Amino acid sequence: MVRYSGASTDFNEIHFSDRHARAIGLPGVVAHGMWTMGAGLKIVTDAVGDPARVLSWFVRFTRPVVVPDTDEGTEVVYTATVTSIEDGVAKITVTATCGDEAVLGAARAEVRVD
């Protein structure tokens with residue numbers, strides 16, 4: 001989390017300090033939303049092989065990803081489903097869950113497949 005904070009230049013303490021996260025009512029340190037969003041897009045770019053094929057990417061953040069201070073950390077599971085292909089454009093729906101809860105909503109991409 002600290003390394004991502006540096007790479008993204010987002011040094012909000014809620015991403016690496018349990019004390020600060022809890023002080024504002026969070027259950028603990030939370031992952032950056034942009035990390036969660038970017039990891040979701042990676043499943044799409046890995047599938048199509050070329051990030052330049054991505055025409056659009058949209059997500060709605062539904063829940064924060066709490067990252068406990070343990071050796072195990074936490075796991076976010078991503079799945080992607082092609083919902084349609086028309087005129088050389090595939091529409092893909094992505095789900096992201098942490099435990100039993102969705103952490104991204106309405107996540108969808110459009111990619112060029114021709």
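Which residues does threonine 36 touch, not counting residues up to four places away in sequence? In this predicted model, local features need pLDDT of at least 70 and side-chain atom pairs count only at pLDDT 80 or more, while totals for chains, interfaces and linings use all residues. Residues are numbered from 1 along each chain as its sequence is written, and side-chain values use heavy atoms, with hydrogens and water left out.

With residues up to four places away in sequence set aside, threonine 36 touches Ala31, Val65, Tyr78, Val103 and Leu104, where contact means heavy atoms within 4.5 Å. Threonine 36 has its place in helix H3; helices (H or I, at least four residues) and strands (E, at least two) are DSSP runs, numbered from the N terminus. With a relative accessible area of 3%, threonine 36 is buried, given that buried means under 20% relative accessible area, exposed over 50%, and partly exposed in between (1.4 Å probe, protein chains only).

Turning to charged side chains, the structure holds 3 salt bridges, a salt bridge being a side-chain nitrogen of Lys or Arg within 4 Å of a carboxyl oxygen of Asp or Glu.

| Salt bridge | N to O distance |
|---|---|
| Aspartate 18 and arginine 22 | 2.8 Å |
| Lysine 42 and aspartate 46 | 2.8 Å |
| Arginine 63 and glutamate 101 | 2.5 Å |

Aspartate 18 and arginine 22 both belong to helix H2 (residues 18–23), and because they are 4 residues apart there, about one helical turn separates them. Aspartate 18 is partly exposed, its relative accessible area being 37%, and arginine 22 is likewise partly exposed, with a value of 48%.

Helix H3 (residues 33–48), in which threonine 36 has its place, also carries lysine 42 and aspartate 46, which are 4 residues apart and therefore separated by about one helical turn. Lysine 42 counts as partly exposed at 47% relative accessibility, whereas aspartate 46, at 51%, counts as exposed.

What parts of the chain does the salt bridge between arginine 63 and glutamate 101 join? Arginine 63 lies in the loop between strand E1 (54–61) and strand E2 (77–86), and glutamate 101 lies in strand E4 (residues 101–102), so the pair ties together parts that are 38 residues apart in sequence. Arginine 63 is partly exposed at 44% relative accessibility, and glutamate 101 is also partly exposed, at 40%.
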